[in-house]
Every structure is written in C-alpha cells, then in structure tokens.
Amino acid sequence: MNIRETVKMALKQLLGNKGRTFLTMLGMFIGIGSVIAILALGTGFQDFFKDKFINLGLGVFSIEAKEDTIEYLITPEDVQVIRNLEEIRTAIRGTSEECSIRDAKGKEFDTWITGVEDGYMTLIKPITLRAGRNISVRDQEAGSQVLLIADIIGKAYFGNIPYEDMIGNNIEIVIEKQPVSFQVIGIYKTESDVNQSQKELEKYYGLKEYITPFKALNNIIGAGEDVSMIAGLIKDGYDQTSVATRIGQILNRRHHLKDGYSIMSVAQIVDMVDKIMSVLTMFVSALASISLIVGGVGIMNIMLVTVKERTREIGIRKALGASNKLILRQFVIEALLITVIAGFIGMIIGYIGAITIGANFGIQAKFSSGMVVFSTVTSVSIGLIFGVYPAYQAARLDPIEALRAD
Amino acid sequence: MIDIQNVNKIYRNGRLELQALFDINFRVKKEEFVSIMGASGSGKSTFLQILGCLDHATSGTYILDGINISQANDKDFSKIRNQKIGFVFQAFNLLPKLTITENVELPMMYAGIKPKERRERAVDALIKVGLGNRIKHTPNEISGGQRQRVAIARALVNNPAIILADEPTGNLDSKSSVEIMNIFQGLNNEGVTIVMVTHEPDIAEFTKRKVVFRDGIIIDDALIQNRRGI
C-alpha cells in the first residue's frame, strides 16, 4: 500500500466526517491566518513608514538643545563648524514661532511660522513650486518679510484663483500680538487635496506651512543669533547614525556639556521603527502562535477520540494484514492532512484578512514566500507533533483486544 | 499444513498466572475441514488466536505452510496474516463505510496489489459467493448472511493457506447458517483448508473432523461420520 493510497483513504475518512474535520481545523485556521495577517501587515506598515521617511530625505538630521539657556543654545559659529565637516552637505539654523493668521474677514487661526536659513527649501526639505520663486540669498541677508506657503493654504486664504495670481499679495500674520504683513513669493505643492470647500480648507491654516527667512522671523521676535534647533543634510555614502552622533559630541565638547543635545536623523528613525515593528511583529506572532499550539492540542484530542472510535476498524485492518507501521502511517497522514489543509486555508484567510484590514488603514499588506514556507513548515510540524502520539496509540493496539471493541 | 507441537499458553496479569492451553499437539493436513468445539473457557478461542497469528504461544512450536511461526515477530505476523490466513468472524467485521468490493480489496491492498487487479479479483470473489449483483452496496445495505459471504470472499481473496472461521454462523439464522456452511463445503471441495470454531454441534456436522477442547486440552479428535450437506 503506497502513500498515495494512504492519502486517498485518509481524505475519504476526513470527508466522511466533514463537521468534525472543520471544527478540528478551526484552531489552525485562526492561528495560521492571524500569524500571516500580522506578518503581512507588519511588513506592509514598515515599508509604508520607510517610504514616508525616505521621501523626507535620508541623510536629514536635526539637533535640538535640551535646555533653552545660553550654555546650551547653538551659536552661528557652532553651525559653521558643523557645516565645515567633511561629511556634511549643509547645516542651517531654524526657528519656529507660534502665531495666528488673519483672513480677509479678520478671523484669526492659530498656527506656526518657521524661519529657516538658505538651503532648507532646496536641500533639506526640497519643495516643488506651483508658482513664484524660492527664498533667495538676498532675502536671507536682508531679512525680507517674504513668505512661502503651501498650495492648500493659498487656496484657503485667496480662494479658488490661479496660483500665479496669489504671488505678490500680502498675508497678515499676528506674531506676539503684533500684526505683520508678509509678501507671498512662492506657492509650493503638497499632497493635500486642494479641491475642497472653503470651510474645509480653513482647517489647513493650522499646518506648519509658512516659511520665511531666518533673519526676518528673528528680527520680528527680537531673538539673538543663537538657536535651540538646527537641521542639516549628511552627504551620501557616510554612515548617517554615526555622523549624527559625532555632531552631537562636537557640540557637547564646544559647550562643555555631557549630554546637552538630542539628535534625530531620518536613518535613525527608520532604524528605530524597523526595530520596534520587528519586535512588535514577533511579539504578536508569538501570541498568535499560542493559538496554533491550542489548535494542535485540539487536533491531538480529536485524533485520540478517532482512534478510540475506530479501535474495531484498526483491529480488522490488523487481522487482514496491516502492519503497525501502516496503521501508524495512516493516522499520521490523517493528522497531517488536517493540519496542511487547515494551514493552506489559514494562509488564504490571512491573505484576505491582511488585505482587507490593510485597505482600511491605507497600508498595503506585503506577502513573501517566507510566509508560505512558514505556514507549510508550521502545519507539517503541528501535524507531526500532535499526530504521532494518537497514531502510535492506534498502531500498538492489540488486534485481539481491538476486535472485541464495540 | 498446520503442525503444532507442545504448545502452551499462559496469560500473566501482574502476579496472576492463568494457563489457557496445556501441551497441545495438533495437525491439519491440506484440504481438511476441521471444527473446533468446546465450552467457553475451554481454550478454543485462545487456540484459534494462536492459529491465526494474532497471539504468540508461550512455548512450543507452530509450523504453518512450512513456515516456523514460533520465531516470528509482530511484523512477520502481519505479513503471515495477510498472505497465509483468511479470517471469517462471528460479527462479520466489515468496515461499514466502505462498499463490499472495497472491503474485499483490503487484504490485497495490504499485500501491495495494484488497484485495477484488486478491483477485478474482488469482484470475482464476490461473484463466487453469489454477490455479483451487490458489488456497489455497503455492508449496511445487505443481510447478515450476505455480509458473512462478503467476509468469506475477503478471506479467500489472497489465496491463503488456510481459512480460520470463528463462530461464522453465530450471528445468523438457521437458513443463512446452512447457506454459509454450504459455501464452506464448496470451497473445501475445491481444495481450501478450513478450521472453524463453533459451539453448535449441528454446524460441526458440516465439517470433516471434530476436535473438542476442555480446560485447555484436546479431549476428543474424531472424523465426522454422517456429514450434513454435500
């Protein structure tokens, strides 16, 4: 009797008891299905997150002083030192200030205005202009009160007119209770949907999408040259995390501090998210694996019941010449069929589940051949681990005793 | 065909020892038809289990069709049961979910015979016992007498050296019992060797030789004078 015939016989047996077979498989469906869904969603989320940050620009870093006191603040000389480093493409000062924007009807909306040095809009956070021009070096040196705004804010403020027509107009921004007029010189593209009602668009006033020269904003708020935050770009081909760490060390040394600055680089964030997601995925998968073990115990339980119920059949088969080995094989293959079929269905459930859940959160679930290998190996292992014991019980039955069973 | 010498069977259950068979000597020649009789507890069932290679004797030698069974292990046993012995049980012992043809195919399946040949031989065997028109039925769809005929077909299908029947008419009415015994007689006339346990004297009358067990020994072994049937 070959394996094919044994499989056929086992299939017949399982189909002869569909309800029980289904219930036996249920634990496996859930186990394999949830592990696959979690892995696929985890990978999908990781990729989604990475894409977002890589768009922001790998190589970008920012440094923030941990205290706002004179010992900690970053001086223009510090910035120059960093800028002169071999690995650094650029480093610039930036400052942000709470303010409010006053629309044509005099209504005010709270928001933030950002002042940046030259290089920010070209290197660190490159923008695509819809109309107008970028902030020039001359704007920077003169501290001109010019403004770059996002398309969505332009639409909210000026209404549905062509972007070109917005250029040159003034926007009134209230900073430290003083209204200041800024001239719009450029409108840049965002991913937001600009085709919304005026009421909807007003919500976007709060975005941090008002950019002015560093010197202009510094003059208005009367701040000194020192800042609490700088941003920069590391050249390609250097290990970004270690360069960022080195910059921190340089600043600490110059300011005689032990650990005065927090440093964030995009590479670091991506690494961190990768790590967190891996650990999280492993953890949740481990939890889901418990259901696999529970499912396996369920299978063992049912197989033991089956052996008990079919004691007489086993006796008959033995009397007719089935060896212990063949009986063992028959029951192991039955268990394997249950787990492998259940694993396969679980895989499909996981696949559909991950796509459905992913679609609801805007994440594209990612599947790999590794997941198929995982499901197959897990299914086969569970079938073997939990199937062998009942099969062994069946194989070692004494034919005389077995023939006496009801 | 069967040569049994000085066979003892002792059951051990913890410290308890129970001797079921005492120094049995028993021979069956080819084409014999033997009935074994005896009250329950006489040792006749134990003896049949040893004959059928379902159990080992505690001591003594057993030679079946030239093979020394005394030295066989469990694996050899299943092969011997498959190739040399055809069982017919009181309770028929057919698998209810299989058709009768599939039931008859089982011993051939374990013998490694290809499906097509199996099917043909199973149908032939069923035709031989008069069930050629029932081949697609399951055991539950036929009568008790018919079921026992399926069991006989199954016992025959691997051309065994001997057929061992354990109370084959015990679950049948008298009409079916006679039918079954007639089939056995017909097979025996064709040269099939049969050993049958029964407790019904009138059924034993269908055989050629009667062996009586009591308390683990053979107390009588004689040829049947006025055979029934034939």
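**Note on the predicted two-chain model**

1. Leu172(B) sits in a loop of chain B, the one that runs between strand 7 (162-166) and helix 6 (174-189). The model is predicted. Lys44(B) is 128 residues from Leu172(B) along the chain, and their C-alpha atoms are separated by 21 Å.

2. On confidence, chain B has an average pLDDT of 93, and 100% of its residues score at least 70. For the complex, the predictor reports an ipTM of 0.94 together with a pTM of 0.73.

3. The interface between the chains involves 17 residues of chain A and 19 residues of chain B. On the chain A side, the elements that supply two or more residues are helix 12 (311-319), helix 13 (324-361) and helix 15 (399-404). Helix 12 of chain A gives the largest share, 5 residues. Sorted by class, this side of chain A has 9 nonpolar, 4 polar and 4 charged residues.

4. Chain A contains 15 helices and 10 strands. Its domain assignment gives domain 1 (3-52 + 272-404) and domain 2 (60-235). The centres of the two domains of chain A, taken over C-alpha atoms, are 58 Å apart.

5. How does the radius of gyration of chain A stand against that of a compact globule of 406 residues? Chain A has 34 Å, whereas such a globule would have a value near 22 Å. Along the principal axes, the C-alpha trace of chain A spans about 105 × 55 × 30 Å. Of the 406 residues in chain A, 37% are buried. Among the contacts in chain A that join residues at least 6 apart in sequence, 84% are between residues at least 24 apart.

6. Helix 6 (residues 151-158) of chain A has 7 of its 8 residues buried, so it is largely enclosed by the rest of the structure. The buried residues are Asp151(A), Ile152(A), Ile153(A), Gly154(A), Lys155(A), Ala156(A) and Tyr157(A). The cover over them includes strand 4 (129-132), strand 5 (146-150), strand 6 (170-175) and strand 7 (178-188) of chain A. It also includes helix 7 (163-166) and helix 8 (198-202) of chain A. After helix 6 of chain A comes Gly159(A), with a positive phi near 80°.

7. Not counting residues up to four places away in sequence, Ile230(A) touches Ile63(A), Ile74(A), Val79(A), Ala91(A), Ile92(A), Arg93(A) and Gly94(A). One of these contacts, Gly94(A), is 136 residues from Ile230(A) in sequence, yet the C-alpha atoms of the pair are 5.7 Å apart in space.

Terms used
Residues numbered from 1 in each chain as written. Chains lettered and ligands numbered in written order. Predicted model: local features only at pLDDT ≥ 70, side-chain atom pairs only at ≥ 80, totals over all residues. Contact = placed C-beta atoms within 7 Å. Helix = DSSP H or I, 4+ residues; strand = E, 2+ residues; numbered from the N terminus. Nonpolar A, V, L, I, M, F, W, Y, C, P; charged D, E, K, R; others polar. Rg over C-alpha atoms; globule rule 2.2 N^0.38 Å. Buried ≥ 20, exposed ≤ 12 C-beta atoms within 10 Å, placed from the backbone. Domains from an automatic or database assignment. pLDDT = per-residue confidence, 0-100.
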